[in-house]
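User: Please go through the aromatic contacts of this protein with me.

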Amino acid sequence: EWARGAFASGKRSLLIFHRQESEWELEPFPARPCPATPSPSPNTCSVPVSEIITVEETEIDEKHYHSGKWQKMAKPYAFTVYYVKRARRHRWRCSHVTFWCTEEGLCNQWIQTLKELLEKLTCRPKHLLVYINPFGGKRQGKRIYEQKVVPLFNLASITADVIVTEHANHAKDSLFEINIEKYDGVVCVGGDGMFSEVLHGLIGRTQRDCGVDQNNPKASLVQCNLRIGIIPAGSTDCVCYATVGVNDPVTSALHIIIGDSLAMDVSSVHHNNTFLKYSVSLLGYGFYGDILRDSEKKRWMGLIRYDLSGFKTFLSHHCYEGTVAFLPAQHTVGSPRDKKSSFHGAECRQKKRLGSEEVEEWKVIQGKFLAINAANMSCACPRSPKGLSPAAHLADGSSDLILVRKCSRLNFLRYLIRHTNQDDQFDFAFVEVYRVRKFQFTSKHVDDEDGDLKDLGKKRFGQICSDHPACCCSLPNSTWNCDGEILNNSAIEVRVHCQLLQLFARGIEETPTQEALS
Ligand SMILES: CCCCCCCCCCCCC/C=C/[C@@H](O)[C@H](COP(=O)(O)O)NC(=O)CCCCCCCCCCCCCCC
Ligand SMILES: Nc1ncnc2c1ncn2[C@@H]1O[C@H](COP(=O)(O)OP(=O)(O)O)[C@@H](O)[C@H]1O
Ligand SMILES: [Ca+2]
């Protein structure tokens with residue numbers, strides 16, 4: 001009637017025979033070999049060592065000891081195993097189980113062995129640099145870190161140097177100065193904008209240290225040594241949602257502790273041989289650019305600003321004239337129209353190179369567009385759980401370029417609604433999608449060098465449009481939304497850098513039901 005625990009060191013997994021709720025007895029170790037195939041009883045649970053957070057000796061308190069149950073045991077010894085438990089919808093939680101036995105030596109032997117196994121997991125971070133944006137999202141960054149993340153980091157014996165940012169670009173600038181050698185990774189607590197800052201700091205620092213000129217659009221960038229962990233505390237949290245499957249701080253903290261790595265592509269954005277920004281999620285012109293520009297004025301409103309600006313931008317229904325030139329990604333497997341919106345993580349799914357003679361053929365498309373979106377990853381977020389491009393690969397060296405041509409408001413609304421249901425958002429005559437390695441955009445109205453003139457022009461157009469709220473005018477220029485930051489130039493040149501960055505994340509796990517369904 002006692003629960004039994006058995007231990008498998010060969011397969012690096014701990015088998016826990018769970019017969020009674022919180023009471024456990026240990027099998028002598030290593031005297032008895034553990035059964036190769038444990039009977040799949042509903043009470044059996046198996047925890048891979050890689051998912052054990054920590055093992056601790058457990059003090060048995062007097063009350064417990066004297067309460068009838070333990071009378072028949074001599075003085076009991078115990079240890080507790082903290083491990084990752086799967087909850088609903090990709091959530092991870094910290095769970096624990098305590099093992100009891102009467103032999104002190106046996107108990108210590110278990111603790112020792114488990115600790116040794118955990119020490120072999122060299123991928124786990126020990127010392128982290130943490131940046132908190134106290135003003136991201138609902139302004140809960142600090143509280144989220146202190147209440148949800150610190151206890152777990154303490155449990156896992158992870159130490160951290162914490163910097164609460166005092167102004168925009170604080171995190172980015174500090175990454176250029178700080179001695180980053182002593183850290184195993186950088187954690188950002190905030191939204192996509194905060195992640196973008198940390199990424200710019202880290203990539204920029206790496207290129208500076210290696211003597212690579214970021215302004216050269218042809219330069220091959222050097223991969224970063226440090227991994228980044230994201231604790232979601234922003235407004236959209238799309239990078240977190242699209243790499244972990246949910247925007248949940250506890251889940252993300254556990255992904256960081258476990259120490260898996262997830263490679264991801266980064267796009268560089270240039271204008272006239274000048275570096276502007278990097279992008280990892282959405283680079284959007286037209287609709288998403290206009291939403292962002294309008295929403296920045298409403299930052300005080302919090303999360304709802306995107307919905308209001310979205311509604312307003314939807315009604316204004318502006319389209320923009322320009323030329324998109326792109327280099328199709330011939331090296332990748334699959335297409336943006338693939339039905340299965342499965343997660344494509346670390347594996348770089350590339351076809352064999354055809355050799356250096358492979359000709360690069362640019363495709364050019366001219367027209368009037370409501371939106372031009374380049375998605376480096378699915379861009380799944382709570383608003384759109386399958387994302388802007390559900391089949392986009394995270395780490396294949398390509399980006400999905402989505403062109404939404406001028407169409408009626410009703411059609412555009414139908415297109416938007418399909419981001420929220422199971423229907424194919426690319427199945428419209430006015431929507432095209434291409435998997436690309438590089439692209440360029442030039443607006444019909446080239447950027448005006450004279451800022452004053454440009455502002456004047458904008459004001460004039462703005463006036464006309466607010467006079468005719470129902471019109472579908474073609475405005476001269478929109479702005480690019482680069483991972484939630486506004487770019488000042490409309491003419492840009494974009495290149496995808498395959499797996500430039502690594503995250504602390506396992507990726508989105510397929511749930512058994514999904515597997516059964518597919
Ligand atoms: C009718 C409902 C249509 C819903 C369509 C939803 C599609 C949403 C796809 C969102 C992709 C987001 C990609 C990520 C962007 C972020 O990098 C970036 C920065 O995030 P951060 O603030 O956390 O730093 N976030 C953003 O740029 C925000 C994008 C927000 C998009 C909101 C769209 C709302 C659309 C509402 C249309 C309403 C039409 C109503 C007609 C009656
Ligand atoms: N202390 C600070 N004060 C003001 N702005 C900051 C601060 N720290 C970071 N930022 C900036 O805030 C912006 C938005 O941050 P983010 O965490 O993405 O929140 P949200 O998801 O709500 O947009 C980022 O561009 C970042 O550079
Ligand atoms: Ca990609």
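This is a predicted model: local features need pLDDT of at least 70, side-chain atom pairs count only at pLDDT 80 or more; totals for chains, interfaces and linings use all residues.

Residues are numbered from 1 along each chain as its sequence is written, chains are lettered from A and ligands numbered from 1 in the order in which they are written, and side-chain values use heavy atoms, leaving out hydrogens and water.

User: How many aromatic pairs does the structure hold?

Analyst: Rings of Phe, Tyr and Trp (its six-membered ring) pair if their centres lie within 6.5 Å. By this criterion, the number of aromatic pairs in the structure is 15.

User: Why is the pair of Phe275 and Tyr278 tilted?

Analyst: Planes under 30 degrees apart count as stacked, over 60 as edge-to-face and the rest as tilted. The ring centres of Phe275 and Tyr278 are 4.6 Å apart. Their planes meet at 50°, so the pair is tilted.

User: Is Tyr278 buried or exposed?

Analyst: Buried means under 20% relative accessible area, exposed over 50% and partly exposed in between (1.4 Å probe, protein chains only). Tyr278 has a relative accessible area of 1%, so Tyr278 is buried.

User: Which strand holds Trp480, the partner of Tyr285?

Analyst: Strands (E, at least two residues) are DSSP runs, numbered from the N terminus. Tyr285 lies in strand E14 (residues 282–286), 195 residues apart from Trp480. Trp480 belongs to strand E20 (residues 480–482).

Technical notes
Helices (H or I, at least four residues) and strands (E, at least two) are DSSP runs, numbered from the N terminus.
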